[in-house]
Amino acid sequence: MRVLITGATGFAGSHLVDLLLAEQHDIFVLTHAATSMQTLPDHPNLVSIEGDLLDRHSLMNVVETAKPDVIYHLAGQAYPAKSWTNPAFTVAINTGGTANLLEAAVSFGKPRVVVVTSAEIYGRVTEKELPLTEATLPRPRHPYGISKWSAAEFVRLYWDRYQLPVFEARPFNHIGPRQALGFVVPDFASQIAKLKREGNKDSMQVGNLDAKRDFTDVRDVVRAYKTIAEKGQPGEPYLICTGQPIPIYFLLNKLSEIAGIDVKIEYDPARMRPSDVPILYGSSSKLTKHTGWTPQIHMEESLRDVFLEWEAKGTAVES
């Protein structure tokens, strides 16, 4: 099968590449020199094509060259906080870029397209609304959430108007190896690995540890993307989550346990976010019903893999 991936050099994208290469698909990846993150593996089944989500003609060329059976669209501006520094760019790349890609897909063969959005579209919710489902009304509270909700609307629109077999994957928080700093698990793991190397002399600065979130291993998430492409219903959104709200302090305690050290913590007012939603989790029952997907990787395995990655990085720097 011929597959085109946007965002293949990002966190989830790199794991999707691994999954599809293991199944010996022919993979074409959209790359952009200014934004690529992970290094792509050297593999005979992997072809890189330079392109730009904001350039419609560029995407037409990419899709025409790749001639994909399936497109996985993961690329975009991925940081909610960063979206406040340049709201217009966030909306342009996440919403306009999605529209450009769907236009290209309509023009060349109508391949199956999985558009990845985010549970961040929901914004502030009450506990009465939990667990969140595909029917929950989005109320985004930052430009990133708005941009992803708008992208989601294009999924429905292009199925209704053009019968393009396009699906929305709506993941909650995902964790695992290769995640960049700026997210809670790699932030904790990198600091704990450093404390362990240096004899655990210092305390660790933390913010709100009481918030509860729904975490899924990134390898389960990309498996969900593939399952949606194979078995999903066009025009439909699918939540990807475990349905289990995990307190942030559990992540910290488990990582400390994995590291084998007793971490001393100090609360940093600068890291506290009074606008945080206290608890957020969803239901993947629709995804399971339509495709049979369920999460397979246990939280402890995810955290162990992340800690070992950061421990190895520190060792490599020192050697």
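N200 lies in the loop between α6 (184-197) and β8 (204-206). Helices (H or I, at least four residues) and strands (E, at least two) are DSSP runs, numbered from the N terminus. The model is predicted: local features need pLDDT of at least 70, side-chain atom pairs count only at pLDDT 80 or more, and totals for chains, interfaces and linings use all residues. Residues are numbered from 1 along each chain as its sequence is written, and side-chain values use heavy atoms, without hydrogens and water.

Stay with N200. Its relative accessible area is 16%, so N200 is buried (under 20% relative accessible area, with a 1.4 Å probe, protein chains only). The side chain of N200 reaches the backbone oxygen of D262 at 2.9 Å. Beyond its neighbours within four places in sequence, N200 is in contact (heavy atoms within 4.5 Å) with L195, I261, D262, V263 and K264.

Next, follow α6 to helix α8 (residues 248-259). Their axes, lines fitted to C-alpha atoms over the stretch in contact, with angles from 0 to 180 degrees between N-to-C directions, come within 10 Å and cross at roughly 35°. V184, V185, F188, A189, I192 and K196 in α6 meet I248, L251, L252, L255, S256 and A259 in α8.

Now turn to helix α1 (residues 11-22) and helix α7 (residues 218-231). Their axes come within 9 Å and cross at roughly 65°. The two helices are therefore roughly perpendicular (65 to 115 degrees). On the α1 side, F11, A12, H15, L16, L19 and L20 make the contact; on the α7 side, V218, R219, V222, R223 and K226 do.

Conventions
Buried < 20%, exposed > 50% of the residue type's maximum accessible area, 1.4 Å probe, protein only. Polar contact = N/O pair within 3.5 Å; in protein donor to acceptor, adjacent residues only side chain to side chain. Parallel < 35°, antiparallel > 145°, perpendicular 65-115°, else oblique.
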